[in-house]
Amino acid sequence: MIVLATVGVLVVLLGGYALLAITLGGSVPRGTSVGGVDVSGLSRDEAVQRLRDRLAPRAEDSFRVGVRGRTYSLEPAEAGLGLDLPATVDAVYVPRSLNPVEVSKALGGGGDVAPVLTVDHAKLDAAVAGLAKEVRKAGSPGGITFTGGTAKAADPVVGYRLDTAASADRIEQEFLRTTAPIDLPVTEQKPKVGQAEVRRALREFATPAMSGPVKVRVNDKSFDVSPAEVGAALTMVPDKSGRLAPRLDVAAFERKVADRLRVLQIEPKDASVRMFAGRPTVVPSTQGQTVPPANLARAVVAALPKSGAERVATVRTKATDAKFTTKDAQNLGVKQVVGQFTTYYPHAAYRNTNIGRAGELINNRLIKPGETFSLNGILGERTEANGFAKGFVIVGGRLREELGGGVSQVATTTYNAAFFAGMEDVEHRPHAFYIDRYPVGREATVYWGYLDLKWRNNTPYGVLVQAVNQQSSPGKKGSITVRLWSTKYWTVKGQTSARHNFREPKVIFDEKDGCVPQDGVRGFDVDVTRRLYRGSSLVKTETDHVRYSPEDRVTCGPSPTPTPKQTPTPKPKPPAAVGN
């Protein structure tokens with residue numbers, strides 16, 4: 001009887017359990033929502049439709065995040081976030097089943113369930129990294145500034161940056177669960193120098209430092225430096241412990257007091273190489289007596305926190321060697337002529353002036369190994385104040401008067417000296433048309449602001465330029481000779497081709513004021529080849545193709561045969577054909 005009763009009870013219990021499972025299954029448990037959308041009691045299809053209508057649109061719209069009270073928008077697609085609708089419904093729906101797990105799920109109710117997401121973590125990390133750049137706030141340590149001889153405190157600023165890893169996790173956890181901004185965590189960056197340290201440094205050093213002038217005593221002489229002058233070169237920087245320490249910019253402070261130091265010091269003089277009695281001679285360097293800039297800075301900083309008569313920075317001069325010593329100059333090996341050339345020019349007062357002035361400026365110019373000779377760089381702009389006179393130059397293929405006319409004679413002569421010395425041709429331009437007093441194909445013109453003559457010293461020795469000008473006189477030509485002194489390094493062989501591809505000049509009648517008549521000259525092409533040897537080994541072959549335009553024959557006056565009036569052509573712009 002007891003057994004039968006027990007069996008009866010079990011049958012009843014099992015029947016009740018089955019009835020309960022059937023009753024509760026096939027729907028979403030009561031009290032269930034997903035991302036705030038109520039889906040309790042719905043069938044699977046009904047739950048899918050409701051979430052598609054109410055939750056799926058939010059998964060496509062921009063969502064907000066909050067950082068330190070400010071909000072920013074992110075696009076789900078760009079952040080790699082999406083809603084997995086089938087998986088989300090599966091997470092809340094309870095099918096009809098006798099499985100105790102499912103029955104327990106149905107009995108327990110749902111609560112608010114997190115939607116199931118699809119997450120592209122690479123995109124999410126990239127979106128958070130981009131946001132981090134936008135929201136980052138740089139902090140700054142406290143400090144002290146010195147302006148106009150007054151010390152001012154700069155309060156520290158706390159900075160922060162986004163905690164990117166934690167922010168990505170929080171976005172993934174909160175996306176679609178709330179319509180409020182998702183608050184993202186940040187990491188604060190506390191300044192190394194706090195406000196207390198700023199106040200201490202201001203009290204103990206900065207304010208006393210600007211309290212009055214500092215007397216700088218050099219040997220037995222002295223001069224005063226004002227707070228403004230000191231403050232312009234003074235800063236306070238944190239040391240390893242975070243304490244503000246003074247730092248005086250050595251170079252900046254030296255510039256401020258350079259005029260006063262100059263009269264108390266003897267500056268060293270660099271050695272040089274110059275021509276004496278027709279030979280290059282080393283002019284020895286001389287030692288100076290100067291104040292070491294670092295010593296001066298240390299002495300001034302030490303005096304700044306003091307008061308009254310104790311505000312004295314005492315320093316002494318020390319023997320100072322020249323930067324370019326006698327030995328340096330001797331080691332340059334400037335001892336023999338390695339390239340020279342002479343050109344001749346017809347008499348004209350402006351040529352004597354301009355060629356002589358250009359020769360004077362380049363004479364004794366020392367070009368160290370690796371340095372570049374620039375004729376325009378040495379001569380400067382051709383002005384009356386610079387010693388140049390008006391003379392004929394070539395502009396647009398025509399002659400006209402300008403300051404510096406004739407300087408191309410020096411350019412051509414220097415170019416040829418450098419050509420035969422083996423110097424590297426950096427920049428040169430032949431004249432627009434051939435001038436018969438120059439070697440064909442091997443000549444150069446210059447024009448301020450447009451054309452330059454440049455060559456580089458491509459040897460391990462120094463190169464000293466010597467220029468000797470013999471002025472012209474009525475009936476007698478002048479000459480300019482340029483010699484380059486060094487140690488022979490290159491053997492140079494030059495070759496010039498025959499002239500070819502001739503072009504005939506035009507005849508021009510010019511009625512304008514300032515017209516300069518000129519004879520016509522045929523144009524042609526020519527090739528100049530230079531071979532550079534080291535010993536008997538050929539190192540380099542260079543070929544320069546030179547194209548000379550025909551020089552038009554210009555007659556000043558009206559044409560004997562009237563021609564129809566033509567629209568004037570635009571004035572040519574240098575450097576199409578210029579030179580002086």
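Over how many bridges do strand E29 and strand E30 pair? In this predicted model, in which local features need pLDDT of at least 70, side-chain atom pairs count only at pLDDT 80 or more, and totals for chains, interfaces and linings use all residues, a few conventions apply throughout. Residues are numbered from 1 along each chain as its sequence is written, and side-chain values use heavy atoms, with hydrogens and water left out.

**The sheet and its helices**

Strand E29 (residues 463-470) and strand E30 (residues 478-486) are joined in the antiparallel sense over seven bridges, where two strands pair if DSSP finds at least two bridges between them. Helices (H or I, at least four residues) and strands (E, at least two) are DSSP runs, numbered from the N terminus. Within this pairing, Gln470 has Ser479 of E30 as its bridge partner.

Both strands belong to an open sheet of four strands, ordered E22-E30-E29-E23 with antiparallel pairing. Strand E22 (336-345) and strand E23 (365-367) are the edge strands, each pairing on one side only, and the twist averages 20° from one strand to the next. Axes are lines fitted to C-alpha atoms, for helices over the stretch in contact, and angles run from 0 to 180 degrees between N-to-C directions.

Helix H13 (residues 349-362) packs on this sheet and touches E22, E23, E29 and E30, its direction making about 160° with that of E29; contact here means heavy atoms within 4.5 Å. Helix H15 (residues 408-421) lies across E22 and E30 and runs at about 150° to E22.

An aromatic pair also links H15 to the sheet. The rings of Phe341 and Phe420 have their centres 6.4 Å apart and their planes at 15°, so the pair is stacked. Rings of Phe, Tyr and Trp (its six-membered ring) pair if their centres lie within 6.5 Å, and planes under 30 degrees apart count as stacked, over 60 as edge-to-face and the rest as tilted. Because Phe341 lies in strand E22 and Phe420 in helix H15, the pair ties together parts that are 79 residues apart in sequence. The structure holds 12 aromatic pairs.

**Helix pairs**

| Helix pair | Angle | Axes |
|---|---|---|
| H13 and H15 | about 45° | 8 Å apart |
| H5 and H6 | roughly 120° | within 10 Å |
| H2 and H3 | about 130° | 10 Å apart |

H13 is oblique to H15, H5 and H6 are oblique to each other, and H2 is oblique to H3. Angles under 35 degrees count as roughly parallel, over 145 as roughly antiparallel, 65 to 115 as roughly perpendicular and the rest as oblique.

Between H13 and H15, the contact is made by Ile355, Ala358 and Ile362 of H13 with Gln409, Val410 and Thr414 of H15. These residues divide into four nonpolar, two polar and no charged, where Ala, Val, Leu, Ile, Met, Phe, Trp, Tyr, Cys and Pro count as nonpolar, Asp, Glu, Lys and Arg as charged, and the others, Gly among them, as polar.

In the contact of H5 with H6, His121, Leu124, Asp125, Val128 and Ala132 of H5 meet Thr164, Ser167, Ala168, Ile171 and Glu172 of H6; by class there are five nonpolar, three polar and two charged residues.

**A hairpin**

Strand E15 (residues 234-238) and strand E16 (residues 244-248) pair in the antiparallel sense over five bridges, and Leu248 in E16 is the bridge partner of Leu234. E15 and E16 form a hairpin with five residues between them, and Gly242 in the turn has a positive phi of about 95°.
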